[in-house]
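Biologist: I'm new to this structure and would like a plain tour. Let me ask my questions one at a time.

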Amino acid sequence: MDQFDVIVIGGGSAGSAAAARIAADGKRRVCLIEAGGTNDNAFVKTPGLLAMMPKKSNWAFDTEPMAGLNGRIGYQRRGRGLGGSSAINGMVYIRGNPWDYDNWAALGCSGWAWDDVLPVFRRQEDNDRGGDALHGSGGPLHVSEQIAPSGVGEAFVEAASRLQLPRNDDFNGPRQEGFGLYQVTQKNGERWSAARAFLDPLKGKANLDVRTDALVEKIVIEDGRAVGVQIVRGGQGGRGRETLRASGGVVLSAGAFGSPQVLMLSGIGDGAHLGEHGIAATLDKPAVGADLQDHCDYLVGYDLDDPSLFGGSLKGLFRVALAMIEHRRHRTGMMTTNFAESGGFVTLGKDAPAPDIQYHFIRAIIQNHGRDKLKEHGFSLHACVLRPESRGWVKLNSADPAAPPAINPNFLSDERDLVLLREGARLMHRIAATPPLSDLGAKERSPVDYDNDAALDARIRAVSDTIYHPAGTCRMGGDDAAVVDPTLAVRGIAGLWVADASIMPRLVSGNTNAPSIMIGERAGDFVKAALSA
């Protein structure tokens with residue numbers, strides 16, 4: 001049996017940061033376990049190849065039927081392999097709103113207010129704009145301006161400004177509200193995943209053992225303490241089952257779906273549910289897998305015969321081929337796109353403490369999460385509810401670790417989310433109908449009467465789904481019912497921490513990748529402090 005000081009489960013956004021933080025000083029033997037591969041290929045590194053991402057890099061979960069979406073089964077794109085979702089996402093760098101973190105602290109998560117987390121964001125960041133009171137310089141995570149954004153995305157921003165919606169050139173600056181181009185996690189025109197940022201600099205270090213293609217079966221718990229991990233490597237024909245031991249403890253960083261699944265497979269969760277699958281409850285903790293929150297996203301596609309936009313026509317594919325050659329030679333051109341190039345934040349609720357709707361302009365027509373391959377060129381506009389009231393869950397489908405979990409985001413189960421998304425959709429339609437965006441002649445693919453509540457609500461329920469920001473399934477809190485305490489230690493099991501978006505007590509008001517990386521770095525600090533005590 002292999003012996004380590006700390007084992008980190010999951011090499012995604014938070015896991016990469018956590019493992020690197022613990023291993024960087026060379027004092028502890030760290031093993032990082034990842035179910036997927038290395039993700040060291042051109043499909044991951046080339047931003048514009050996002051739509052062609054290999055299946056092996058995506059867990060591609062289906063949800064349970066959701067009543068709020070007319071019984072539809074949703075789709076959850078989640079990263080598999082080193083870098084996790086930072087290796088397959090839209091690369092948008094957003095921290096959330098300072099109010100989010102102050103609210104976490106108010107909910108009992110001491111040490112998680114904005115003033116507590118800002119230094120961590122700054123130290124992990126290497127921003128093109130340089131360092132200042134709100135931004136970092138010289139950190140491992142490169143944050144850059146877009147190299148070749150579409151003029152159509154800029155027209156979206158300008159149209160918003162003509163509706164007196166302010167321009168905002170820095171969503172991570174003094175204010176979040178407004179419209180502009182997003183900064184991205186790229187370096188020199190390539191995707192800069194968490195693995196490239198945090199793990200690559202440690203390659204060759206004797207105290208960091210990175211094991212890919214390793215599926216976790218369960219966390220080994222003895223006398224109330226996490227002491228190791230049982231894994232299967234290589235699938236059929238691989239090395240078979242192995243048990244790795246950890247003298248200091250285990251950090252679970254498998255994501256908002258994977259972390260509760262691993263906990264439940266290890267006997268930590270709702271005892272009755274575990275019993276249904278023949279798993280003895282080591283710790284009866286009903287909050288595991290509960291309180292799933294996600295950003296419900298309404299989208300509209302627009303046809304526009306513009307060669308700067310992506311499409312599956314012959315001329316479009318030829319243009320992409322030329323752009324790929326340019327990118328390989330110079331790391332410039334349209335293949336540097338993150339697709340979600342521009343967007344904005346608005347406050348529509350009269351009592352909202354921070355922006356409650358976020359918009360994304362996408363440089364292609366997105367239909368069925370991009371799985372429908374369309375020949376038409378065009379773009380998509382998206383609106384999502386930032387702090388949803390609806391709550392879902394993650395449960396076990398079976399006791400087989402290779403089986404996907406049962407996932408139900410329960411979108412629009414709370415009427416308040418539908419009312420807010422309706423108003424967000426109406427504002428998005430007004431922006432599309434305003435010059436200079438309206439002057440381009442784009443045609444809405446499925447027009448609806450935006451003045452008719454019933455018709456608009458029906459459309460929202462018919463097309464909305466995730467924008468890939470699940471959180472909350474291993475909730476952090478100051479109460480005993482919470483899964484982890486404010487140091488991310490699991491309540492009731494010694495030597496076990498959770499570090500990813502699952503610990504968020506409330507979903508942040510924006511994209512979740514940067515906050516997940518911050519959570520991973522903080523977990524590394526907490527683990528080192530605990531082992532040094």
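**Rings, pockets and cavities**

Biologist: Is Phe 156 buried or exposed?
Modeller: Its relative accessible area is 1%. Buried means under 20%, exposed over 50%, and partly exposed in between (1.4 Å probe, protein chains only). So Phe 156 is buried.

Biologist: What kind of model is this?
Modeller: Residues are numbered from 1 along each chain as its sequence is written, and side-chain values use heavy atoms, with hydrogens and water left out. Local features need pLDDT of at least 70, side-chain atom pairs count only at pLDDT 80 or more, and totals for chains, interfaces and linings use all residues, as this is a predicted model.

Biologist: How many aromatic pairs does the whole structure have?
Modeller: Rings of Phe, Tyr and Trp (its six-membered ring) pair if their centres lie within 6.5 Å; planes under 30 degrees apart are stacked, over 60 edge-to-face, and the rest tilted. A search of the whole structure gives 16 aromatic pairs.

Biologist: And what type is the pair of Phe 156 and Phe 179?
Modeller: Their ring centres are 5.8 Å apart, with 65 degrees between the planes. That makes the pair edge-to-face.

Biologist: How many residues apart are those two in the chain?
Modeller: Helices (H or I, at least four residues) and strands (E, at least two) are DSSP runs, numbered from the N terminus. Phe 156 is in helix H5 (residues 151–162) and Phe 179 in strand S7 (residues 178–181). This pair links distant parts of the chain, 23 residues apart.

Biologist: Why does Phe 179 count as buried?
Modeller: The number to look at is its accessibility. Phe 179 counts as buried because its relative accessibility is 0%.

Biologist: What type of pair do Tyr 302 and Phe 379 make?
Modeller: Their centres are 5.0 Å apart and their planes are at 10 degrees, so the pair is stacked.
It links Tyr 302 in strand S16 (residues 296–303) with Phe 379 in strand S19 (residues 378–385), 77 residues apart. Both residues are buried, and the pair type is stacked.

Biologist: Which ring does Arg 80 lie over?
Modeller: A charge sits over a ring if NZ of Lys or CZ of Arg is within 6 Å of the ring centre and within 35 degrees of the ring normal. Lys 395 lies over the face of Trp 393, at 4.6 Å from the ring centre. For Arg 80, at 4.1 Å from the ring centre, the ring is that of Trp 59.

Biologist: How many disulfides turn up?
Modeller: A disulfide is a pair of cysteine sulfur atoms within 2.5 Å. A search of the whole structure gives zero.

Biologist: Where is the nearest cysteine sulfur to that of Cys 384, and how far away?
Modeller: Cys 384 is in no disulfide, and it's buried, with a relative accessible area of 0%. The nearest cysteine sulfur belongs to Cys 296, at 8.8 Å.

Biologist: How many residues of helix H7 are buried?
Modeller: H7 covers residues 255–265 and is mostly covered. Phe 257, Pro 260 and Met 264 are among the buried ones.

Biologist: Which element gives the largest share of the lining of the second largest pocket?
Modeller: On a 1 Å grid over the protein atoms alone, a cavity is a set of points where a 1.4 Å probe fits but cannot get out, and a pocket is an open set with protein on both sides within 12 Å along at least five of seven lines; lining residues have an atom within 4 Å of a point. This pocket is lined by 20 residues, with Asp 356, Arg 387, Pro 388, Glu 389 and Leu 420 nearest its centre. Helix H3 (98–106) and helix H10 (415–432) are the elements that give two or more residues. The largest share, five residues, comes from H10.

Biologist: How much space lies in the largest cavity?
Modeller: Grid points are joined across faces, edges and corners, and a volume is the space filled by probe spheres set on the points. There are two cavities of 30 Å³ or more. Residues including Cys 296, Pro 388 and Asp 417 line the largest cavity, and its space is about 60 Å³.
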